[in-house]
Structure formats: C-alpha cells, structure tokens
Amino acid sequence: MTATLNRPEVGTGRVVWFTGLSGAGKSTLASALHAELTARSVATELLDGDAVRENLSKGLGFSREDRDTNVRRIAFVAGLLARHGVTVLVSAISPYEATRREVLSALPNPTEVYVDAPLSVVTERDVKGLYLRALAGEIAHFTGVSDPYEAPRNPDLHLRTDRISVDEGLTALLAHLGYGA
C-alpha cells in the first residue's frame, strides 16, 4: 500500500508584491497591512527587501544579475509560504519588469502593488541622504538615479503615496484584496 501525502492545494494563500523606489512607502504600507491582517487572524508573513537582503541574500551586490537573484529568492520563499495558506506581503524594490513578471507568474494568487512617489518626494523622505549622494555621483548603481527602475505597466493596484495617507493606502489595499475596510 502506497501512502499519499496530504499536500495543501496550490494557491490556498496569496502573495502581495509591493514594488517601487526606495522611500516610496512599500515597507510602511506592507507593515500596516501586516498589522491589520494579523489583527483579523489572517495567517500573514512580511518579507521586507532589506531584511531578506541581509539574511537570505547576504553577499549579493547590486548588479542586474544579483538584483534578479535576490528577487527570485524572495519569490521562492513567498511561494512556499503561500502554498501553505499564508498571505505573504513582499516589500522589495524589484526594479526590473521582466523579472517581476517572471516571479509573479509563478506565484499563487499574486497581486502587484506599485507604490509610487516621484524622485523629489523620495529624496525628501530619505533620512540617510542616499539619493542626494547618488545624484551627486557618489553612489553607483542606485535604483532610480544611476540604475533603472522599470515601473509596472499594469499593476493590480497603483498607490501614489505622495497624494494619499498611509490610512488611505491601507483602506485601498484592504478593499482591493477583498477584506473590506
């Protein structure tokens, strides 16, 4: 007699992928959504790009190949969690359209959220002064300045964080994901 493993159905969870420039508000919105879904007893995990780069992708640089490797690693973990019923919130710049399309197409129930703010706004928000240093040519390969950021052409949700508050963004996210306000 052969034993059959009870495997969760693919697609029981979902992946909400926040993309945008550094300082656009990805982590802020993802954290707000994480807190709200957790309060509603939704199994939720937050994969923040900075934390993942430090722990899962340590040693990778900022070449296109390394950035793509980082995004693929994040997607791999997100997919594993989502296949086990978890709502996974990914907050990662993920600058290249083709790589985002590739990973999103392989994930269960993906939602792409473009967190958008103009360069002038993200530069103002940048407490570390990285944008100013990049604009002065002191930092090479800085996304949105000396390295490209390819904005999504047709995201599932487009949030202009220079025009809305965090609460308004959270309300839009909850409505889009079917959780109501």
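Modeller: On a 1 Å grid over the protein atoms alone, a pocket is an open set of points where a 1.4 Å probe fits, with protein on both sides within 12 Å along at least five of seven lines. Its volume is the space filled by probe spheres set on the points, which are joined across faces, edges and corners. The model is predicted, so local features need pLDDT of at least 70 and side-chain atom pairs 80 or more, while totals for chains, interfaces and linings use all residues. Residues are numbered from 1 along each chain, and side-chain values use heavy atoms, without hydrogens or water.

The largest pocket has a volume of about 880 Å³. It is lined by 31 residues (an atom within 4 Å of a point), and those closest to its centre are Ser22, Gly23, Asp50, Ile93 and Leu130. At least two lining residues come from each of helix 1 (26-39), helix 2 (49-55), helix 3 and helix 6 (130-135); helices are DSSP runs of H or I, at least four residues, numbered from the N terminus. The lining divides into 12 nonpolar, 11 polar and 8 charged residues (Ala, Val, Leu, Ile, Met, Phe, Trp, Tyr, Cys and Pro are nonpolar; Asp, Glu, Lys and Arg charged; the others, Gly among them, polar).

Helix 1 also packs against helix 7 (residues 166-176), at about 60 degrees and with axes 10 Å apart (axes are lines fitted to C-alpha atoms over the stretch in contact; angles between N-to-C directions run from 0 to 180 degrees). Helix 1 is therefore oblique to helix 7 (under 35 degrees is roughly parallel, over 145 roughly antiparallel, 65 to 115 roughly perpendicular, the rest oblique). Thr28, Leu29, Ala32, Leu33, Glu36 and Leu37 of helix 1 touch Val166, Gly169, Leu170, Leu173 and Leu174 of helix 7 (contact means heavy atoms within 4.5 Å). This contact has 8 nonpolar, 2 polar and 1 charged residues.

Helix 3 (residues 64-82) packs with helix 4 (residues 97-105) at about 20 degrees, the axes again 10 Å apart. Helix 3 is therefore roughly parallel to helix 4. Here Asp68, Val71, Arg72 and Ala75 of helix 3 meet Thr99, Glu102 and Val103 of helix 4. The residues of this contact are 3 nonpolar, 1 polar and 3 charged.
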